[in-house]
Amino acid sequence: SGSYAETGQQIQAEWAPDGQSVVFAAATRRNAAAYAQVATHLYQASLSGGEPKQITSGEESYADPRFRPDGRALYCSFTRVSNNPYSLDRLAMFAWPGLGERTIVTGSFARSVNSFAFTPDSSTIYLTAEDAGHEIIYSLPAGGGEVRPAFEVKSGVYTQLSISGKASAPILIASWESAANPSEVVRVDPAAGKHVNLTTFNVDRI
């Protein structure tokens, strides 16, 4: 146990769609992380109190829980805990409420998922992943399927992807930076294959 500053652990809490509980990620064997890979699992804590309920199990590691806007599925990153340092961070989906059968929606995608977000209509997922020295934005159907680049990225990296949950059309916000450009917040237009700056903290110096 200990404070966040002492342990470096984030619980990544997410409200359940009915607003009566939160789902979060935590490790119960964090003391073993000094000499072994330690799995994190998802837990559900009721607002009425009581001990949190562990809702994932096994040797796999789960983190970054997110509910789809329609409230009918829970998504999270999923990693197989092993001695292989190249295990991919995949995107898993569980039916909700409850925790239905697990589906790995990026099962054939040969990249680790870094961040992800849903379109307001719950039909599409945008995610970021590294590729050939860049971190680019991909899209795929929310139920799983082919993962495709949203547009060609010729420079820099996109991180911390976010999408407004209440807009009438998808509005993609991310951080973008390159070797010659410090990070700025940008609005991404996948159809046009470009972004526009929302912040300009470093533009004059560049």
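This is a predicted model: local features need pLDDT of at least 70, side-chain atom pairs count only at pLDDT 80 or more; totals for chains, interfaces and linings use all residues.
## Surface and overall make-up

The chain has 206 residues, of which 39% count as buried. Its secondary structure consists of one helix and 16 strands. Among the contacts with a separation of 6 or more, 30% are between residues 24 or more positions apart.

## A stop at T119

Let's visit a loop residue. T119 sits between β9 (115-118) and β10 (124-131). Is T119 buried or exposed? With a relative accessibility of 4%, T119 counts as buried, because the cut-off for that label is under 20%.

Which residues does T119 touch, leaving aside those up to four places away in sequence? They are P69, T124, Y126, I163 and P170. The side chain of T119 also makes a polar contact of 2.7 Å with the side chain of D121.

## A stop at A142

The relative accessible area of A142 is 3%, so A142 is buried by the under 20% cut-off.

Beyond residues up to four places away in sequence, A142 is in contact with R68, Y75, M93, V105, S122, S123, T124 and I125. Take I125 from that list: 17 residues separate I125 from A142 in sequence, while their C-alpha atoms are 5.4 Å apart in space. T124 is another name to look for, as T124 is touched by A142 and also by T119.

Key: Residues are numbered from 1 along each chain as its sequence is written. Side-chain values use heavy atoms; hydrogens and water are left out. Helices (H or I, at least four residues) and strands (E, at least two) are DSSP runs, numbered from the N terminus. Buried means under 20% relative accessible area, exposed over 50%, partly exposed in between (1.4 Å probe, protein chains only). A polar contact is a pair of N or O atoms within 3.5 Å; within protein, one must be able to donate a hydrogen and the other to accept it, and residues adjacent in sequence count only if both atoms are side-chain atoms. Contact means heavy atoms within 4.5 Å.
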